[in-house]
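Trainee: Please take me through one part of this model in detail. I would like to look at where the two chains meet.

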There are 2 protein chains.
Amino acid sequence: MLNRQLENKKVALLATNGFEESELRSPMKALVDEGATVHVISLKEEPIRGWHKGNWAMDPVHVDHTVYTANPAEYAGLVLPGGVMNPDALRGDEKAVDFVRGFFELGKPVAAICHAPWTLINAEVVEGRKMTSYHTVRKDLENAGAHWVDEPVVVDQGLVTSRNPGDLEAFNRKVVEEIAEGIHQAQKQSV
Amino acid sequence: MLNRQLENKKVALLATNGFEESELRSPMKALVDEGATVHVISLKEEPIRGWHKGNWAMDPVHVDHTVYTANPAEYAGLVLPGGVMNPDALRGDEKAVDFVRGFFELGKPVAAICHAPWTLINAEVVEGRKMTSYHTVRKDLENAGAHWVDEPVVVDQGLVTSRNPGDLEAFNRKVVEEIAEGIHQAQKQSV
């Protein structure tokens, strides 16, 4: 239990139905292992279901707060799991997009994997940022002004992105590192 | 059986697993009712499954040809059903994107509903076009240079787009109309 990097830190994990199962559970475990308290934030205060190998996952995930009550000021950072349906639903919800944008306004670390960067496009925070994503989202990120690269994990001033579940180990390491570092002033410039 | 508008015309319908069930079956019926022969084109030569009210649909759809063997020159037009997972998979496949692009190069009518315009973004044919889509895809279309409007069906020189299954009646009517008209020279200018 010594040297846990996120002791006394609260981290928000924003997701809704259809998140890629491993992309929620794996970062959550990595954060908790480092001493963080993780709150799952969603669109409604009811359990959400992941997506695993082409079907709905068995065990639902408990939701702690909704985007209507959660406040970015209370969290040290934000993690966005992928899956195709999950970010598609989040980006279509104005309150969810505002919640994400709030972390950038405060200079707090934000991590997005796979299709999750779609939500960042709607938050209008990707212009000029170095990022990666699932390959199908590349064009949308480039059209939104991001500098897209094909690497397992990309860190740009508090913004952490990865391509797919195969990148989770590298993703989790950088998620912990960036949140441990705290505020990144340059994050604010993207808003 | 008199006055069928698409007698002796072959129409391609491109989809893969996760298409919105109604957005494939309803236009297919409308086309067949007007005398067209409809070929379902997909990534692999195996049946594909739709998405219906939050779950995989029961009955698979037969695939006639793959994007590796089908040729846009043989069809009078192309229909792209939506669903979230379906166009996400198609846009990530280079051959599928080339197949779609082929219809624009030939000035042939193309119809896309819901999330299907994602594939058109990767085909790089939306710049300057007046279009609609499912609301979550709006930002990606605007960033790609499209002029997005919130209407049940939008027709721009052979390009037909609609927002969601609720628009199918208006969508189908315009799909039939544009394909009956034939080549639209202005479609070529978007390539």
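Mentor: What follows is a description of the interface between chain B and chain A. This is a predicted model, in which local features need pLDDT of at least 70, side-chain atom pairs count only at pLDDT 80 or more, and totals for chains, interfaces and linings use all residues. Residues are numbered from 1 along each chain as its sequence is written, chains are lettered from A and ligands numbered from 1 in the order in which they are written, and side-chain values use heavy atoms, with hydrogens and water left out.

On chain B, 21 residues are in contact with 21 residues of chain A (contact means heavy atoms within 4.5 Å). Together the two chains bury about 1,800 Å², and 53% of that lies on carbon and sulfur atoms; buried area is the accessible area (1.4 Å probe) that two parts lose on being put together, summed over both.

Four salt bridges are found across this interface (a side-chain nitrogen of Lys or Arg within 4 Å of a carboxyl oxygen of Asp or Glu). A:Glu124 forms a salt bridge with B:Lys139, and their closest N and O atoms are 2.2 Å apart.

On the side of chain B that touches chain A, the elements giving two or more residues are strand S5 (55-56), helix H2 (85-91), helix H4 (117-122) and helix H5 (138-143). Helices (H or I, at least four residues) and strands (E, at least two) are DSSP runs, numbered from the N terminus. By residue type, that side of chain B has eight nonpolar, eight polar and five charged residues; Ala, Val, Leu, Ile, Met, Phe, Trp, Tyr, Cys and Pro count as nonpolar, Asp, Glu, Lys and Arg as charged, and the others, Gly among them, as polar.
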